[in-house]
Amino acid sequence: MEMLVSLSPIILMFVIFYFLLIRPQQKRQKQVREMQSDLQKGDEIVTIGGLHAKVHAVDEGTIVLITNDGAKLTYDRSAVREVKQG
């Protein structure tokens with residue numbers, strides 16, 4: 001019983017750490033994975049590097065983007081940071 005009482009602050013710190021840091025990060029990662037897997041032709045996106053483009057074609061692991069000047073660029077799906085609304 002004494003050992004449990006002495007370990008309780010460490011256990012409590014781990015529980016707080018889990019709910020404040022680990023769990024929210026896992027939720028964000030899941031949302032990003034879902035967004036990247038739901039990409040469709042015609043979506044306007046922003047890449048991690050800041051490139052604004054429109055999805056021209058979607059493959060299993062890559063996407064082809066078309067920029068405003070008509071250039072077609074191939075990127076990994078994981079390079080997409082966000083899908084622009086509107």
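**Aromatic pairs.** I went through the aromatic rings of this predicted model and got 1 aromatic pair. My rule takes rings of Phe, Tyr and Trp (its six-membered ring) with centres within 6.5 Å; planes under 30 degrees apart are stacked, over 60 edge-to-face, the rest tilted. The pair is Tyr-18 with Phe-19: the ring centres sit 5.2 Å apart and the planes are at 85 degrees, so I logged it as edge-to-face.

Next I looked up accessibility for both rings' residues. Tyr-18 comes out partly exposed at 30% relative accessibility, and Phe-19 is also partly exposed, at 47%. For these labels, buried is under 20% relative accessible area, exposed is over 50%, and partly exposed is in between (1.4 Å probe, protein chains only).

**Ground rules.** I number residues from 1 along each chain as its sequence is written. Local features need pLDDT of at least 70, side-chain atom pairs count only at pLDDT 80 or more, totals for chains, interfaces and linings use all residues, and side-chain values use heavy atoms, without hydrogens or water.

**Tyr-75.** I found Tyr-75 in strand 4, residues 72-76 (strands are DSSP runs of E, at least two residues, numbered from the N terminus). Its relative accessible area is 27%, so I call Tyr-75 partly exposed. Skipping neighbours within four places in sequence, I listed its contacts (heavy atoms within 4.5 Å): Thr-47, Leu-51, Gly-61, Thr-62, Ile-63 and Leu-65.

**Thr-47.** Buried or exposed? Thr-47 is buried, at 3% relative accessibility. I placed Thr-47 in strand 1, residues 44-47. Leaving out residues up to four places away in sequence, Thr-47 touches Leu-65, Tyr-75, Ala-79, Val-80 and Arg-81.

Methods. Helices (H or I, at least four residues) and strands (E, at least two) are DSSP runs, numbered from the N terminus.
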